[in-house]
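User: Got a structure I'd like to go through with you. Can we start with how the strands are put together?

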Amino acid sequence: MDKKRTENQNLCEKRLRVCVATCNRADYSKLAPIMFGIKSHPEEFDLEVVVLGSHLIDDYGNTFRMIEQDDFDIGSKLHTIVRGEDEAAMVESVGLALVKLPDVLQRLRPDILVIHGDRFDALALATAAALMNIRILHVEGGEVSGTIDDSIRHAISKLAHYHACCTRMAEQHLIAMCEDHSRILLAGCPSYDKLLSTHHREDYMDIIKSWLGDKVQEYDYIVALQHPVTTDIQKSIKIYELMLDALLSFNKKTLILFPNIDAGSKEMVRVMRKKGIEQHPNFRAVKHIPFEQFIQLVCRAGCMIGNSSCGVREAGAFGTPVINLGTRQTGRETGENVLHVRDADTQNKIYHALELQFGKRYPCSKIYGDGNAVPRIIKFLRTIDLDEPLQKTFCFPPVKDSISQDIDHILETQSALAVDLGGTNLRVAIVCMRGNIVKKYTQPNPKTYEARMQLLLKMCVDAMRDAVGLNCRILGVGVSTGGRVNPQEGVVLHSTKLIQEWSSVDLRTPISDALHLPVWVDNDGNCAALAERKFGHGKGVENFVTVITGTGIGGGIIHHNELVYGTTFCAAELGHIMVSLEGPECSCGSRGCIEAYASGMALQREAKRLHDEDLLKVEGMEMKLSEPITAGHLINAARLGNSKADAVLNKASTALGVGIVNILHIVNPTLVILSGVLASYYQAPVQRIISERALFSAQSIKVLTSELEEPALLGAASMVLDYATRRIY
């Protein structure tokens, strides 16, 4: 018997005594997976659980019961919350916890105390443990948010001996805070271990209906969770009131959770009750939802709104659209599913955000974890050497800048380098997210490939240098060029006669290698369509066609919000739609193409023919002897009554109109947008021909003239601004 007792004692001495302290429902969702992991290795670890904070308060659902339901033995329950509605109550709660914790920690004598996050209760835990020479493992250190919690989190990190952080940026922040890299584990968020493995439950509709009623459908309800911001309580209460007003107006089923225990929460609850939210048929107000059920509700919500960290963290794993209100999560890393409304100062702004986000789905994000955090943390705990000195050492590495996803920041600073590779000129422009051309550079286009590339790169380097002084952050380079392009490879397959020597030319690689930026390349017709989609008449239109009427005829087709390329990237060669079997010869080698009738070159050819036959000039028309004959002379002569010029233009307009009628009958767009120097002249005749010759169902389709001054540059920029940010604003 004595021998067996001695063996048990030796086993207990070898096991690492780990104490996990949990303060509220939110941190338990992160700590519970770690607790289960520790509990599953009884031969290595001795688990103790301490519960304090809002877990033990009736108003917040007595959430300590869910810990007991998870079959954890709670070693100590500490009532540490001082009731009150101001900042002083939070301070008093920290003081009360500091009074009670020493006895508990002295009794438990843990080797490691595991603490989560940025709450004032956790600060009390870290302070007590540090002063009692107990090693601390801090979970989720290094992250950034916009309240006093930010300072508390970093204070805990400075007291902690070990760190299990969730993201690469958080790891870099800890290093920048002089924490020892060898004691930092990039683990991912522990809650992701559970949510990534359990959110595909078959009974999710039962869970949704149990909280929101039998009539609600998935993706057709909202989850709302807004907490006070303790550094600006009155403003956070105002935002809460505006959010409730917007939700009432939006008229969708809404599951709203009570705010946390921070100062200002009581006033927020009073606002909610004053508006009758608890009795409103569209709302279900609750104090607590078990985490396993809550993730089902978030996963299949039409939208989540508020300022909870769940919105910027867990919701991203499901692609759930999120509206983040106010400053509480400022600086957090977020997926593309999060739309920030930092200055939520009007109900209309929040309502508009709901209109933008509700019902969308986004790609699932794993910024905060891949589902394997707990095994990493358990392995990390095994490596802790209790014989190492307790005193921390510090380092001084560089800090990596964070990237803001605030929409105002994006619109003001993020920009593209746009390149228009024309037959005559080479143009480069800095284009901001709003579509404004901040600065433009123009040079004559050299004749040889080597000279062109050398000049292009020089102009881009000059633009990037100027962008720094203009506060423009260049995201990438977009190139618009004539001819047939493989945009997937960034290769010009066959160019036009206007630009020689561009056949099977890789533009992407040399530009990307020289500038260290991503590069997108596309045909100028497609770029014009992209420009209209982002900045012009095509914004918000799912199906439309852009036709460029310039030196040649080109264009692009947007179908279901995407460009149509075709198998060999020659779709939307609109200028080469044949409208006559015996028409004039086209630059492509065929006959009867739209371009052979209606392009600037075709009109110039006819103008020269009439001029040579002395049939162009009419009374009132001035022509200088040295002046080259252009399409403009033909149009001017027709306006002054020249019947020959008028006949040429009627034939050109008819050819273009018939070609566009063919386009309408093939792809049936909502809208046709004419772009280029001849657009304003062709608009009315083409609209008339559509009304005369198109099928009845297509006769009402509108023809508009583009209002964009630089469609090629704006289209080149839109490739960068849409794809580099992975989002269309």
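Analyst: Two strands pair if DSSP finds at least two bridges between them. Helices (H or I, at least four residues) and strands (E, at least two) are DSSP runs, numbered from the N terminus. This is a predicted model: local features need pLDDT of at least 70, side-chain atom pairs count only at pLDDT 80 or more, and totals for chains, interfaces and linings use all residues. Residues are numbered from 1 along each chain as its sequence is written, and side-chain values use heavy atoms, leaving out hydrogens and water.

User: Fine. In what sense do strand 22 and strand 25 pair?

Analyst: Parallel, over 5 bridges, with strand 25 covering residues 671–675. V547 has L674 as its bridge partner there.

User: And how many bridges join strand 22 to strand 23?

Analyst: 6, and those two run antiparallel. They form a hairpin with 3 residues between them. F544 stands opposite I558.

User: Which residues of strand 22 point which way?

Analyst: F544, T546 and I548 point one way, and V545, V547 and T549 the other. All of them are buried (under 20% relative accessible area; exposed is over 50%, partly exposed in between; 1.4 Å probe, protein chains only). In a regular strand, side chains alternate between the two faces of the sheet.

User: New topic. Where is C472 found?

Analyst: In the loop between helix 17 (449–469) and strand 17 (473–481).

User: Is C472 buried or exposed?

Analyst: C472 counts as buried, because its relative accessibility is 11%. Beyond neighbours within four places in sequence, its contacts (heavy atoms within 4.5 Å) are T413, S415, I430, V438 and A467.
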